[in-house]
Amino acid sequence: MRDRGLPKGMVAKLWSEVKDYAQDEINAGARAKVKEILQKGILDEFEELIQCTWYERSEDRKDQRNGFYARGLLTTIGHITGLRIPRARHLKFRSSFFGWYQRRREEFDLAVLKCFVSGASTRQDASNPD
């Protein structure tokens, strides 16, 4: 009996597309979870700095909230956008998750460096694969 299914080339192409789509979805979910964890950690650090939670009146208060600014962070799972970094009126707040002006995680920098060392950064002419 003859197999009347899809040709092997077509199956391989479709499987590749499914894997790419699944990897994109997994990375998107991972980015969302990392963003959630980072956001919670940043807000906890900020509350520790000013010694007060939202709408709390306290004698121990060090400073007052002064809004947020947006920040992005490039990681090995992709770009995490829309992190809300709180500001204080008088104190300087710096999160322990990343430094001043840091836009990439160290792991991402190492991955780029490995590409350069392995020669992946050199462009080859399509007509001459040597």
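This is a predicted model: local features need pLDDT of at least 70, side-chain atom pairs count only at pLDDT 80 or more; totals for chains, interfaces and linings use all residues.
Residues are numbered from 1 along each chain as its sequence is written. Local features need pLDDT of at least 70, side-chain atom pairs count only at pLDDT 80 or more, totals for chains, interfaces and linings use all residues, and side-chain values use heavy atoms, with hydrogens and water left out.

**Exercise 1.** State how many salt bridges the model has.

Solution. Start from the rule: a side-chain nitrogen of Lys or Arg lies within 4 Å of a carboxyl oxygen of Asp or Glu. Applied to this model, the rule gives four salt bridges.

**Exercise 2.** Describe the salt bridge between lysine 13 and glutamate 17.

Solution. The N to O distance is 3.6 Å. Helices here are DSSP runs of H or I with at least four residues, numbered from the N terminus. Finally, glutamate 17 has a relative accessible area of 43% and is partly exposed; buried means under 20%, exposed over 50%, and partly exposed in between (1.4 Å probe, protein chains only).

**Exercise 3.** Treat lysine 33 and glutamate 36 likewise.

Solution. Their closest N and O atoms are 3.6 Å apart. Both lie in helix H1, three residues apart, about one turn of the helix. Lysine 33 is partly exposed at 46% relative accessible area.

**Exercise 4.** Find how aspartate 44 and lysine 40 are placed in helix H1, and how accessible each is.

Solution. The two side chains form a salt bridge of 3.0 Å, N to O. Because aspartate 44 and lysine 40 are four residues apart in helix H1, about one helical turn separates them. Aspartate 44 is partly exposed at 36% relative accessibility, whereas lysine 40 is exposed, with a relative accessible area of 51%.

Terms used
Helices (H or I, at least four residues) and strands (E, at least two) are DSSP runs, numbered from the N terminus.
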